[in-house]
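Please keep the sequence and the model in view while reading.

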Amino acid sequence: LVRIFPNPTNDILIIQAQSIIREHIALSLYDINGRILSKTTLPQGSTIAYFDCSTLYNGTYFLSILGQGIEETKTIIINHQ
């Protein structure tokens, strides 16, 4: 239902729905210790949301996707070269 790119990333992480969203999808970016770093919503009727990752340290992070029958967590890699 959603595509996440680029991964790994160094500046912007894009979350794109494969079709129009019928209800809000909550997106949360966590660090490896489970702390929420940022939250946003993929609003009803839209297809794209993003996180600015340019100020995050290199490492592994987690993206929680919750809504429209989806409840999953994706691993995100931040790599500033």
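The radius of gyration is taken over C-alpha atoms, and the globule rule is 2.2 Å times the number of residues to the power 0.38. For 81 residues a compact globule would have a radius of gyration near 12 Å, and the protein chain agrees with this because its own value is 12 Å. Along its principal axes, the C-alpha trace spans about 35 × 20 × 15 Å.

This is a predicted model, in which local features need pLDDT of at least 70 and side-chain atom pairs count only at pLDDT 80 or more, while totals for chains, interfaces and linings use all residues. Residues are numbered from 1 along each chain as its sequence is written, and side-chain values use heavy atoms, with hydrogens and water left out.

The protein chain has 0 helices and 7 strands; helices (H or I, at least four residues) and strands (E, at least two) are DSSP runs, numbered from the N terminus. Two strands pair if DSSP finds at least two bridges between them. An open sheet of 4 strands is ordered β4-β3-β6-β7, and its pairing is antiparallel. Because β4 (36-42) and β7 (70-78) stand at the edges with a single partner strand each, one side of each has no neighbour in the sheet.

Strand β3 (residues 25-30) runs antiparallel to β4, and 6 bridges join the two. Tyr30 stands opposite Ile36 in β4.

Of the 81 residues, 33% count as buried, meaning under 20% relative accessible area (1.4 Å probe, protein chains only).

Key
Buried means under 20% relative accessible area, exposed over 50%, partly exposed in between (1.4 Å probe, protein chains only).
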